[in-house]
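Student: Hi! Could you walk me through this model?

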Amino acid sequence: LLFGFSASASFVNRFAMLHPDDVLAVVAGSPGGWPLAPVRELAGEPLTYPVGIADLEDLAGRPADLAALRGVRWLFQLGDHDTNDAVPYRDSFSEADEDLIVRRFGPDPVSRWKHTEKLYLGQGLAARFVLYSGAGHSLTPAMRADAEAFLAESVAGATR
């Protein structure tokens with residue numbers, strides 16, 4: 001079970017993409033402005049790491065295992081007033097990554113939210129995306145309660 005907020009949400013998201021056989025469920029709250037998308041390309045444009053998984057085999061020595069990723073439960077959380085965005089910072093994303101993310105998905109984390117959800121659901125991943133009204137970049141009591149319930153449900157329903 002993985003649970004992270006902000007930078008640690010980016011970590012748990014990326015870890016689960018690399019090691020889905022070791023992960024039952026992931027809660028990623030405000031994952032750095034852009035969670036790693038489980039797709040290789042969009043409309044013919046490659047989505048390389050850390051935007052997507054096009055070059056994951058080159059980086060990690062193995063391609064993403066989409067079948068195993070479909071066995072992971074995902075909960076993504078974001079406040080609708082969250083403006084904390086790692087995308088413009090070069091310690092997280094390159095200038096080319098930033099240009100791609102902004103052009104394809106929007107200028108800020110909230111505008112990108114539905115696009116990200118569509119990519120996860122389009123790959124058949126068991127993902128829920130929740131946007132919390134009135135919340136900024138903080139782990140609210142409602143987010144924490146939802147995360148705890150989600151993880152407990154994941155354990156109760158585990159078949160592996």
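**Helices and sheet**

Tutor: Helix 5 (residues 109-122) lies across strand 5 and strand 6, and runs at about 165 degrees to strand 6. Contact means heavy atoms within 4.5 Å; axes are lines fitted to C-alpha atoms, for helices over the stretch in contact, with angles from 0 to 180 degrees between N-to-C directions. Helices (H or I, at least four residues) and strands (E, at least two) are DSSP runs numbered from the N terminus.

Student: Which strands does helix 6 touch?

Tutor: Helix 6 (residues 141-156) packs on the sheet and touches strand 1, strand 2, strand 5 and strand 6, its direction making about 175 degrees with that of strand 5. This is a predicted model: local features need pLDDT of at least 70, side-chain atom pairs pLDDT 80 or more, while totals for chains, interfaces and linings use all residues. Residues are numbered from 1 along each chain as its sequence is written, and side-chain values use heavy atoms, without hydrogens and water.

Student: What order do the strands take in the open sheet?

Tutor: The order is 1-2-5-6, with parallel pairing; two strands pair if DSSP finds at least two bridges between them. Strand 1 (2-5) and strand 6 (126-132) are the edges, each pairing on one side only.

Student: And how many bridges join strand 2 and strand 5?

Tutor: Strand 2 (residues 25-29) and strand 5 (residues 73-79) pair over 5 bridges. Ala-28 stands opposite Phe-76 in strand 5.

Student: New topic: how many charged residues line the largest pocket?

Tutor: The lining has 2 charged residues, along with 4 nonpolar and 5 polar ones.

Notes. Nonpolar A, V, L, I, M, F, W, Y, C, P; charged D, E, K, R; others polar.
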